[in-house]
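Hi everyone, thanks for making time. I'd like to walk you through one chain today, going from the overall picture down to single residues.

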Amino acid sequence: MALDAPQIQPLVEMKAIEKHFGGVEAVKSVSVDLYPGEVVGVLGHNGAGKSCLMRILSGAMMPNGGEIHVAGQKSDITSPHDARDLGIETIYQTLALADHLDAPANLFLGRELKTRFGNLDDRRMLREAQEVLRRLNPNFKNLGDPVSSLSGGQRQVIAIARAIYFDVKILIMDEPTAALGPSETAMVADLIRQLQSEGIGIFLVSHDMHDVFDLCDRVVVMNKGRNVGAFKIEDVTKDDVLSLIIKGELPDDWAPRNLETAR
């Protein structure tokens with residue numbers, strides 16, 4: 001695994017990130033990293049700073065301090081456009097899809113393909129959409145239907161397809177299974193594993209502890225703007241993580257869960 005191979009370079013390193021709103025410190029000297037093919041859960045109560053930290057990485061918010069290194073190079077991310085140029089894409093809980101448009105139109109929204117005459121290349125966009133959507137879900141149909149008529153799982157497929165089509169290397173997923181049924185949740189989990197197998201690094205922002213323990217390699221917990229714990233998932237229990245989320249510290253009698261195995 002990438003965590004045990006120091007010769008592998010992190011996809012991204014956020015170092016001592018600070019964000020202030022007036023006198024309120026929303027993010028206090030937080031450092032996190034992400035390796036190829038790794039899923040890192042980012043957890044915390046509302047207001048803990050996790051969403052703020054991810055918005056900084058996505059270019060939606062500027063930090064007051066700290067550095068971001070992408071592929072080993074210091075990177076100034078001042079806008080979502082900068083982030084996308086570096087291979088960083090975000091899938092928000094709302095998915096940011098245009099309900100009245102179909103899948104190809106949503107896939108290329110704001111980045112439409114043009115013919116050499118400057119017109120929209122609808123044929124090529126349909127062809128490319130079919131290819132990338134079927135790569136994720138071979139049974140995906142209804143490409144011509146408005147996305148408002150699609151299921152939550154199908155809408156997630158479109159949002160993920162939009163990210164990977166544009167050569168994503170780092171994917172931020174905000175509550176990707178919220179409001180989905182069991183079968184659609186399982187489908188999204190399979191998609192995450194597929195992206196992971198392709199070397200894409202994923203920051204998973206989630207309140208669903210089952211998702212976190214099922215999908216993540218590591219977990220980072222924030223409390224009152226601070227990173228209060230970063231652990232391999234096999235070293236902690238759900239109760240340990242809940243203690244970090246609620247109290248900002250591990251239980252008094254805590255020991256790594258796999259200590260006996262390690263010996």
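Before we start, one term: when I say two residues are in contact, I mean that they have heavy atoms within 4.5 Å of each other. Also keep in mind that this is a predicted model.

I'll begin with helix α8, residues 238-247, where Asp240, Val241, Ser243, Leu244 and Ile245 are buried. What covers those buried residues? The cover includes β3 (39-43), α7, β9 (218-223) and β10 (226-232). An α-helix has 3.6 residues a turn, so residues three or four places apart point the same way. Just after α8 comes Gly248, with a positive phi of about 80 degrees.

Okay, let's zoom out. The chain has nine helices and 10 strands. Its radius of gyration is 19 Å, close to the 18 Å that the globule rule gives for 263 residues, so the chain is as compact as a globular protein of that length. If you put a box around the C-alpha atoms along the principal axes, you get roughly 65 × 40 × 35 Å. Buried residues make up 49% of the 263 residues. The accessible surface comes to about 12,900 Å², and carbon and sulfur atoms account for 49% of that. And if you take contacts between residues at least 6 apart in sequence, 64% of them join residues at least 24 apart.

Now the inside. In soluble globular proteins, nonpolar side chains tend to be buried together. Here, the largest nonpolar core has 51 residues, and the members that touch the most other members are Leu133, Leu171, Val219 and Val241. Helix α5, residues 152-165, gives this core its largest share, seven residues. Apart from that core lies another one, of 29 residues, with Ile17, Leu34, Ile56 and Met61 among them.

On to charges. How many salt bridges does a search of the whole structure find? The search finds 10, and I'll show you a few.

Start with Lys74 and Asp76, whose closest N and O atoms are 3.3 Å apart. Asp76 is exposed, at 59% relative accessible area.

Next, Arg111 pairs with Glu89, again with 3.3 Å between the closest N and O atoms. This pair links distant parts of the chain: Arg111 sits in the loop between α3 (103-107) and α4 (122-136), Glu89 sits in strand β6 (residues 88-91), and they are 22 residues apart.

Asp211, in helix α7 (residues 209-215), is buried yet has no salt bridge. Where is the nearest side chain of opposite charge? That is Arg193, 7.8 Å away. Leaving aside neighbours within four places in sequence, Asp211 is in contact with Thr177, Thr185, Ser206 and Cys216.

Ala71 is not a glycine, but its phi is positive, near 55 degrees. You'll find Ala71 in the loop between β4 (65-70) and β5 (73-74), and it is partly exposed at 43%. Glu175 isn't a glycine either, and it has a positive phi of about 50 degrees. This one lies in the loop between β7 (170-174) and α6, and at 12% relative accessible area Glu175 is buried.

That's my tour, so over to you for questions.

Notes. Residues numbered from 1 in each chain as written. Predicted model: local features only at pLDDT ≥ 70, side-chain atom pairs only at ≥ 80, totals over all residues. Heavy atoms only, no water. Core = buried A, V, L, I, M, F, W, Y, C linked by side-chain atoms within 4.5 Å. Buried < 20%, exposed > 50% of the residue type's maximum accessible area, 1.4 Å probe, protein only. Helix = DSSP H or I, 4+ residues; strand = E, 2+ residues; numbered from the N terminus. Salt bridge = Lys/Arg side-chain N within 4 Å of Asp/Glu carboxyl O. Lys, Arg positive; Asp, Glu negative; His and termini not counted. Rg over C-alpha atoms; globule rule 2.2 N^0.38 Å. Areas by Shrake-Rupley, 256 points an atom, 1.4 Å probe, with all protein chains shown as cover.
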